[in-house]
Every structure is written in structure tokens, then in C-alpha cells.
Amino acid sequence: MTPAHADFLQDLRQTMPPARIFTDPLSTLAYGTDASFYRLRPQIVARVEDEGEVAALLRLARLHRVAVTFRAAGTSLSGQAVSDSVLAVLGDGFNRGQVLDGGARIRLGPGIIGAHANALLAPFGRKIGPDPASINTAKIGGIAANNSSGMCCGTRDNSYHTLQAIRLLLLDGAALDTADPASVAAFRESHADLLDGLAQLSRQLAGDPQLAERVRRKYRLKNTTGYGINALLDFADPVEMLAHLMIGSEGTLGFISEITFHTVAEHPHKASALVLFD
């Protein structure tokens with residue numbers, strides 16, 4: 001373990017129960033892989049149970065300059081949920097869901113499995129838009145952070161396009177809840193430079209018609225490569241730009257603490273067909 005990680009570990013044990021912090025060889029080996037064929041052995045694994053613990057962990061990571069990777073279910077096929085530094089695993093405290101507006105919306109913690117969210121919506125004839133193949137095991141944090149879509153929802157009903165509100169934590173410890181006007185107002189004041197920077201990027205992109213059209217064309221297709229910079233064109237409000245940049249950011253911009261989706265109809269009758277075109 002590096003000196004920085006040792007100092008981080010010592011401070012972390014003062015902020016959360018040591019029983020949920022793992023450094024033993026068996027645990028780090030077990031958490032060293034996800035559903036991909038990659039393996040990175042973390043030096044420290046911490047099972048976080050609430051937003052306060054995540055904020056404390058991020059504060060210490062910034063203080064000691066150690067990298068943090070978030071892990072929900074670990075169903076990632078491209079190695080997004082492995083780390084050779086600090087792995088923050090979401091505990092049961094993030095497993096929550098609340099149906100809103102008769103099923104028109106659903107508020108979810110990042111630790112709830114996608115299929116369980118759909119089970120909450122089933123009595124209303126609704127479901128979440130994203131439908132990855134791993135929905136029976138994948139959790140909402142990963143579904144949103146990867147902008148998961150699936151075979152059925154295409155580009156219209158993916159995480160990006162069905163996002164209604166998001167609560168996020170940034171590395172500096174700031175929280176933003178786009179569903180809370182007071183939180184948004186405070187964030188506009190405390191992070192004016194960040195929002196001004198996004199607005200400037202948006203103007204810069206929109207001011208280059210050829211590049212703007214290239215971005216629009218790229219994101220009309222099913223595309224989850226890189227940041228969703230189409231957010232800079234799709235929205236006029238930098239807060240909405242930031243919220244939608246979080247979708248597909250794979251945990252690199254901040255931590256998704258809660259998300260609210262617009263839901264879609266779960267049609268009771270379905271059929272498939274083979275249609276041939278010239």
C-alpha cells in the first residue's frame with residue numbers, strides 16, 4: 001500500500017465503521033474484477049451506505065490525492081467498476097425507490113436493481129426507459145452512469161432522454177439536487193464559475209455550425225462513447241447541461257446519489273416481426 005493510501009485509510013477509519021473497510025487479500029481479490037475480463041486489485045475497498053459517507057470518502061480522497069472508483073452491481077463489460085486504488089461499493093442504504101405521479105415518474109437510489117424498479121412500476125403499467133440486457137442484476141447507478149439503453153429503448157428512451165432530476169456529489173463535496181429549487185439556487189451561487197464554463201463551452205460549440213452538426217449527427221445514433229457533449233447543445237441552462245453530462249460519465253464527474261426518471265408504457269401485448277426492406 002502506498003503512503004498516500006495508508007494515510008487515507010487511517011483517516012477513513014475515523015469516518016465510517018472499520019467493519020465496512022476491506023484491505024485483506026481475499027476481499028481485494030474478490031472485488032478486483034467485474035463482469036468484464038479485466039482485473040485490477042484495489043488497495044482499499046469501502047462499502048458506503050449513505051451520501052454522508054460518500055462525501056467524507058471523496059473529501060479524504062481529494063486531501064490525500066488518491067483515485068476513487070464507484071461500483072454498484074459490477075455488471076460492467078468494459079472494466080468501469082475495477083480499480084487499483086480505492087473502490088467504493090454501494091451498500092444497501094442506496095437500495096431505494098419511490099413511485100411518483102401514479103407511475104409517470106420514479107425516484108431511485110443508485111443501489112436499486114433495474115428490474116426491481118420495474119417491479120415497483122408494474123402495477124401502474126409503466127417501466128423505466130433503459131432496458132440493458134443485464135437489467136435483472138444491473139443497478140440504477142451503473143445504468144445511469146453508463147447511459148444504458150438496451151435493445152428496445154433505442155436512443156429515445158435511454159437514461160439521458162428520460163432523466164427528470166438528479167442529485168449528485170462533486171469532488172469538492174458540493175451537492176446539487178436539480179429537483180430542489182433551493183439547492184439549485186445555492187449551487188448557482190457557489191459554483192458560478194463552473195456553470196459559466198459550461199455556458200461558454202455551449203456557445204463555443206453552437207458557434208461552430210459544422211462541429212455542432214457533427215455532434216448532433218453522432219448523438220442521433222446509439223452512442224455511449226465519451227461524455228454526452230450533446231448536452232451542451234440540447235439545453236440552455238448550464239445546470240441541465242451538468243445534470244445530463246453526468247449520464248454516461250461513468251463516475252468520472254461525480255457521484256449520482258439519486259435519480260428521477262420519466263417512465264414509459266409497459267405494453268401488455270407485444271409482438272416481433274421480420275420486415276424486409278429494399
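Which residue in β6 is the bridge partner of V99? I looked, and V99 pairs up with I106.

**Ground rules.** I'm working on a predicted model, where local features need pLDDT of at least 70, side-chain atom pairs count only at pLDDT 80 or more, and totals for chains, interfaces and linings use all residues. My numbering runs from 1 along each chain as its sequence is written, and side-chain values use heavy atoms, with hydrogens and water left out.

**Strands.** I took helices (H or I, at least four residues) and strands (E, at least two) as DSSP runs, numbered from the N terminus. Strands pair if DSSP finds at least two bridges between them. β5 (residues 97-100) and β6 (residues 105-108) run antiparallel, joined by 4 bridges. I see a hairpin here, with 4 residues between the two strands. In its turn I noted D101, which has a positive phi of about 55°.

I then followed β6 to β10 (residues 255-265) and found 4 bridges, again with the strands antiparallel. Here R105 stands opposite H262 in β10.

**T260.** I stayed in strand β10 for T260. Is T260 buried or exposed? I get 5% relative accessibility, so T260 counts as buried (under 20% relative accessible area is buried, over 50% exposed, in between partly exposed; 1.4 Å probe, protein chains only). Contact for me means heavy atoms within 4.5 Å. Leaving aside neighbours within four places in sequence, T260 is in contact with L100, R105, I106 and R107, and also with T162, L163, Q164 and A165.

**H64.** Over to helix α3 (residues 51-64), which holds H64. H64 is buried too, with a relative accessible area of 18%. What does the side chain of H64 make a polar contact with? I found the side chain of D11, at 2.7 Å. (A polar contact is a pair of N or O atoms within 3.5 Å; within protein, one must be able to donate a hydrogen and the other to accept it, and residues adjacent in sequence count only if both atoms are side-chain atoms.) Not counting residues up to four places away in sequence, H64 touches A4, D7, F8 and D11.

**α7 and α8.** Last, I checked helix α7 (residues 181-190) against helix α8 (residues 192-206): the axes come within 5 Å and cross at roughly 85°. Axes are lines fitted to C-alpha atoms, for helices over the stretch in contact, with angles from 0 to 180 degrees between N-to-C directions. The two helices are therefore roughly perpendicular (65 to 115 degrees). F187, R188, E189 and S190 in α7 meet A192, L194 and L195 in α8. I sorted the residues of this contact into 4 nonpolar, 1 polar and 2 charged (Ala, Val, Leu, Ile, Met, Phe, Trp, Tyr, Cys and Pro are nonpolar, Asp, Glu, Lys and Arg charged, the others, Gly among them, polar).

Technical notes
Angles under 35 degrees count as roughly parallel, over 145 as roughly antiparallel, 65 to 115 as roughly perpendicular and the rest as oblique.
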